[in-house]
Amino acid sequence: MAAQGKKEHLYKILVIGDLGTGKTSIIKRYVHQFFSPHYRATIGVDFALKVLNWDNSTTIRLQLWDIAGQERFGNMTRVYYKEAVGAFVVFDVTRLSTFEAVQMWKADLDNKVLLPNGKAIPAVLLANKCDLASEGFLGNINQLDDYCREKGFHAWFETSAKENIGIEEAARSLVAKILENDETIDHPQPDGDGIRVGEEDGRAPKKTKCC
Amino acid sequence: MDPHQVTASLDVALNNPLSQSEESPWNRFFQDNDLRQLVSQDVVRTFPDNQFFRQDDVQQMMEDILFCYVKENPDLGYRQGMHELLAPILFVMNAEMRDVERDESLTPVLKVVMDPSFIEHDTYAIFTELMEMVEPWYSCTGLEADQVKARQQASLAQRKNMSRDPRTSRPFEDNSEFYGPSSAISRKLDVVHNILLKKADEVLYHHLKQLSIPAQTYGMCVPLLHTFPFPLMLVSTPHTHSRWIRLLFGREFPLPNVLEVWDALFADGPSLVDYMCVSMLMHIREVLIEGDYATSMHHLMHFPTVYEVNYLIQRSLHLRNPSQHPSPRVWAHRHHHQQHNPPSLPTHPSPLSTPTTQLQKPSRPKQAGAMAKQALTSAGKQLIWRREEEEEREKEVRRQPTPRPPLALQDPSPL
């Protein structure tokens, strides 16, 4: 199946965010195309592998590291974050406290892992459980554009693991950014700005309609 | 205490909902609510496939027990995983007490001891005992802040010079960066790895050792070296976050087998945990040695089904004290032939030859062990069947695409 000379990449991607925001569900949906309302709480860390046929000449293996929500308070995240080249930070649109925790997760991430060029690893923000958004606290979710720019997120997406919304797109956006980093990493751009929100490939879809 | 109920006799500066004071009953009230919410979030996710844990009163009981435990142990706080240590205890207590409820042959004393109206109380008592044993693996008393900072900077400098090919990524490598080269933990780790493992499986030990030497051989197998000591490392560290240890193998086996393992651990003592880890690692040694990084990680995170968990227990006992505990026969067989056999998943040792568990008789019935022990086996046997059915069902669901009801076929709801 694999053509000769096909390029293969292996990327470690973190999935972080507060307890019960749906990290495991997102991974299960993405990797197994499957949703169950009944997952156990992740303890420590879990691990899944997703193989992407990116294009005719590129295969990408994603190691998805599912970090338990409570780990932010422990001191193992450094070990878990090691060598990661991208991250999803997940919050639950129905619980404000999980959104407030986003910046703490992002700070934890930036403190503990960097790209070889010293830049922060690209992070994509996921507003999960958007199928329940009517119960949500985010009146004007589009303000997230500004939020992402300010906090250094590459992009943001509304997602629903239950209804399969936004996850593929978010992953494509993050992988595209990682690939781009991969190509430029040995030749750092003079402007040196590794994180730009609102690039064409990374722009969040305006107003994803959810059920 | 619900401050709504308190009469207005108290100091208003303190007794009002906006007070941030630690002394304020309202402040405590809100904190307690937060804690309950946190606990409840895990409780509702406990053993999702098991109907017992889907019952509201059971979930309430778990929440109350954990809440009280955390209030009694504020320094530790609530840590994810406690709920899954509590669950098997509650399950067994319930099975046991309900079982004897109708037993007319019980002596009056036993009738009192086994009174089902005290399931919650007794479960709490046993859970507290168990937590005493595992607490060091939950507490997160960390390094001194300046140590952390120094290490942070060192690792930053190191990272800048690092190859970023993830195939050579070694997430668990170099624990010294994390724990400090001279920490007691890493010394102990050294002992565990270089003495305990070497003694247990010299082939594997040398294999791993050899891999670690020349940097250019860092390839597919290298992460193995570093994932391998990972669970071992966690055995002996207060920073433990490993699921294996924290849940006392609660996720690695189906519930009935977990009960069997717990029987052994409680009858024997905490030191068996270390050896159980080694025994489990050796059980999947072929996969670890042969597999690539993802395969190894997968097997460490999702331990393959073991049909004869007693075999692993026997082996861990043997590893610790070979003269007292003979090597289980299946293991001896595998051990002699392993170099000639093609790598295969050793997930199914023949069930016929392992002797029944011969634990040191709990002459000093330890902690939860004695009480829980009796009911375990019978409850366990029942569960095996249940579990298999459930797995079958789950597979069935997975095979099908997302079960979206065909909308057109549904009757529009009259309301």
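Which residue forms a salt bridge with R45(B)? I looked this up at the start, keeping in mind that the model is predicted. The partner is D42(B), and the closest N and O atoms of the pair are 3.0 Å apart.

**Entry: a salt bridge across chain B**

I went on to E84(B). The side chain of E84(B) meets that of R251(B) in a salt bridge, with 2.5 Å from N to O. The two residues are 167 residues apart, and the pair links distant parts of the chain. I found E84(B) in helix α3, which covers residues 82-101 of chain B. R251(B) sits in the loop between α12 (243-246) and α13 (255-268).

Are these two residues buried or exposed? E84(B) is buried, because its relative accessible area is 2%. R251(B) has 17% relative accessibility, and the cut-off for buried is under 20%. I therefore wrote down R251(B) as buried too.

I also looked for a link to chain A. R40(A) is joined with E84(B) and R251(B) in a network of salt bridges.

**Entry: a salt bridge in chain A**

In chain A I looked up D92(A). It forms a salt bridge with K129(A), and their closest N and O atoms are 3.2 Å apart. D92(A) counts as buried because its relative accessible area is 1%. K129(A) is at 24%, so I listed K129(A) as partly exposed.

I noted the total as well: the count over all chains is 17 salt bridges.

**Entry: Y81(A) and its contacts**

Which residues does Y81(A) touch, apart from its neighbours within four places in sequence? I found K12(A), L14(A), I16(A), W105(A), D108(A), L109(A), K112(A) and V113(A). Y81(A) is in helix α2 (residues 77-81) of chain A. Its relative accessibility is 0%, which means that Y81(A) counts as buried. I also looked up the spacing to V15(A): Y81(A) is 66 residues from V15(A) in sequence, and 9.9 Å from it in space, C-alpha to C-alpha.

**Entry: positive phi**

Most residues other than glycine have a negative phi. I therefore wrote down residues that do otherwise. E83(A) is not a glycine, yet its phi is positive at about 70°. I located E83(A) in the loop between α2 and β4 of chain A. E83(A) counts as buried because its relative accessibility is 13%.

L248(B) has a positive phi as well, near 50°. L248(B) is in the loop between α12 and α13 of chain B. At 0% relative accessibility, L248(B) is buried.

**Entry: chain B as a whole**

I turned to the totals for chain B. I counted 19 helices and zero strands. The chain has 415 residues, and 49% of them are buried. Among contacts with a separation of 6 or more, 69% are between residues 24 or more positions apart. The accessible surface is about 21300 Å², and carbon and sulfur atoms hold 55% of it.

On that surface I found a patch of negative charge made of D75(B), E129(B), E132(B) and E135(B). One of these, E135(B), is in helix α5 (residues 119-138). Its relative accessibility is 32%, so I recorded E135(B) as partly exposed.

Key: Residues numbered from 1 in each chain as written. Chains lettered and ligands numbered in written order. Predicted model: local features only at pLDDT ≥ 70, side-chain atom pairs only at ≥ 80, totals over all residues. Heavy atoms only, no water. Patch = residues over 30% accessible without salt bridge, like charges linked within 9 Å, V, L, I, M, F, W, Y side chains within 5 Å. Areas by Shrake-Rupley, 256 points an atom, 1.4 Å probe, with all protein chains shown as cover. Salt bridge = Lys/Arg side-chain N within 4 Å of Asp/Glu carboxyl O. Lys, Arg positive; Asp, Glu negative; His and termini not counted. Charge placed at Lys NZ, Arg CZ, Asp CG, Glu CD. Helix = DSSP H or I, 4+ residues; strand = E, 2+ residues; numbered from the N terminus. Buried < 20%, exposed > 50% of the residue type's maximum accessible area, 1.4 Å probe, protein only. Contact = heavy atoms within 4.5 Å.
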